[in-house]
Amino acid sequence: MRNKIKVYRAIFDLTQEELAKKLGVTRQTIIAIEKDKYNPSLDLAFKMARIFGVKIEEIFEYDELAPDPSE
Amino acid sequence: MPMDAKTSRICRMVIIVGTVAIAGWFAVMAEAALVLASAAVGAVLYHLCRSRIKEVVADERDERVSERAAKVAVEAFAAASALVGVLLIAARNEHPELINAGFALAFSACALMILYSALYGYYNRRYGFEPCDEE
């Protein structure tokens, strides 16, 4: 899974800490998601999409070739 | 009184060290009731301290990490204790003093796997498992 969280954070002028606070997660989680080290739950992904006012697939892109970080 | 994550961490460390020291002292004095009482007081203080944290300290990623770590720990402990337990039982002719330790290890591995299976079944049903109807 690839994502554009960094891009959307820049558009909305949000730091990792601020986004983490809005989502109710730790900054470590935002860092891990941005680096494609952790795939967020659907719940968290929807919350992100709602914060940025876009559809979930505009932030997250499924890539069959990308290694699953949970493996 | 609300606490930040760092203060809470220090507070919890002090509680753990204090509880272990006090419970250990009572264990040396052979006071089983006082060991239980001190452990209970320690657990209450620990949870009080944890509930005072204002900021997010654990989220779904931490939960995933804990799940993975717990699974690997259970598998490693079960395999290692079963193997060492059976080896100690098998070596009873050379080292008869170790047979009780062997049985304790082997039974703990069995108990752990039984507990794991029971909890697996419980959570499997809780998260929507239903037997498939074959037609």
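## Chain A: overall fold

Chain A contains five helices and two strands. In sequence order the elements follow the pattern β-α-α-α-α-α-β. The model is a predicted one.

For 71 residues, a compact globule would have a radius of gyration near 11 Å, and the 11 Å of chain A agrees with this. The C-alpha trace of chain A spans about 30 × 25 × 20 Å along its principal axes. Of the 71 residues in chain A, 20% are buried. Among contacts in chain A with a separation of 6 or more, 57% are between residues 24 or more positions apart.

## The nonpolar core

The largest nonpolar core has 10 residues. Its members are Leu19(A), Ala20(A), Leu23(A), Val25(A), Ile30(A), Ile33(A), Tyr38(A), Met48(A), Phe52(A) and Ile59(A). Two or more residues of this core come from each of α2 (16–23), α3 (27–34) and α4 (42–52) of chain A. The largest share, three residues, is that of α2(A). As a general background, nonpolar side chains in soluble globular proteins tend to be buried together.

Leaving out residues up to four places away in sequence, Ile59(A) touches Asn3(A), Lys4(A), Ile5(A), Tyr8(A), Met48(A), Ala49(A), Phe52(A) and Val54(A).

In α2(A), the buried residues are Leu19(A), Ala20(A) and Leu23(A). Viewed down the axis of α2(A), these residues fall within an arc of 100 degrees, so they line one face of the helix. An α-helix has 3.6 residues a turn, so residues three or four places apart point the same way. The cover over the buried residues of α2(A) includes α1, α3 and α4 of chain A. Just after α2(A), Gly24(A) has a positive phi of about 75 degrees.

In α3(A), Thr29(A), Ile30(A) and Ile33(A) are buried. Around the axis they cover an arc of only 100 degrees, and therefore sit on the same side of α3(A). The buried residues of α3(A) pack against β1 (2–3), α1 (5–11) and α2 of chain A, together with α3 (60–90) of chain B. Just after α3(A), Asp36(A) takes a positive phi of about 60 degrees.

## Exposed positions in chain A

Asp13(A) is found in the loop between α1 and α2 of chain A. Its phi is positive, about 50 degrees, although Asp13(A) is not a glycine. Asp13(A) counts as exposed because it has 7 C-beta neighbours inside 10 Å, and the cut-off for an exposed residue is 12 or fewer.

Asp43(A) lies in helix α4 of chain A. With 10 other C-beta atoms within 10 Å, Asp43(A) is exposed. Asp43(A) and Ala32(A) are 11 residues apart in sequence, and their C-alpha atoms are 17 Å apart in space.

## Chain B: overall fold

Chain B has four helices and zero strands. From the N terminus on, its elements run α-α-α-α. The radius of gyration of chain B is 21 Å, well over the 14 Å that the globule rule gives for 135 residues, so chain B is more spread out than a compact globule. Along the principal axes, the C-alpha atoms of chain B fill a box of roughly 65 × 60 × 25 Å. Buried residues make up 7% of the 135 residues of chain B. In chain B, 54% of the contacts with a separation of 6 or more join residues 24 or more positions apart.

The domain assignment divides chain B into domain 1 (5–51) and domain 2 (60–126). The C-alpha centres of domain 1 of chain B and domain 2 of chain B lie 26 Å apart. Ala30(B) lies in the loop between α1 (5–28) and α2 (32–51) of chain B. Ala30(B) has a positive phi of about 60 degrees although it is not a glycine. With 8 other C-beta atoms within 10 Å, Ala30(B) is exposed.

## The contact between the chains

The contact takes nine residues from chain A and five residues from chain B. On the side of chain B that touches chain A, two residues are nonpolar, none is polar and three are charged. Helix α3 (60–90) of chain B is one of the elements against which the buried residues of α3(A) pack.

Terms used
Residues are numbered from 1 along each chain as its sequence is written. Chains are lettered from A and ligands numbered from 1 in the order in which they are written. This is a predicted model: local features need pLDDT of at least 70, side-chain atom pairs count only at pLDDT 80 or more; totals for chains, interfaces and linings use all residues. Two residues are in contact if their C-beta atoms, placed from the backbone, lie within 7 Å. Ala, Val, Leu, Ile, Met, Phe, Trp, Tyr, Cys and Pro count as nonpolar, Asp, Glu, Lys and Arg as charged, and the others, Gly among them, as polar. A nonpolar core is a set of buried Ala, Val, Leu, Ile, Met, Phe, Trp, Tyr and Cys residues joined through C-beta atoms within 7 Å. The arc is that of the directions from the helix axis to the C-beta atoms. Domain bounds come from an automatic or database domain assignment. The radius of gyration is taken over C-alpha atoms; the globule rule is 2.2 Å times the number of residues to the power 0.38.
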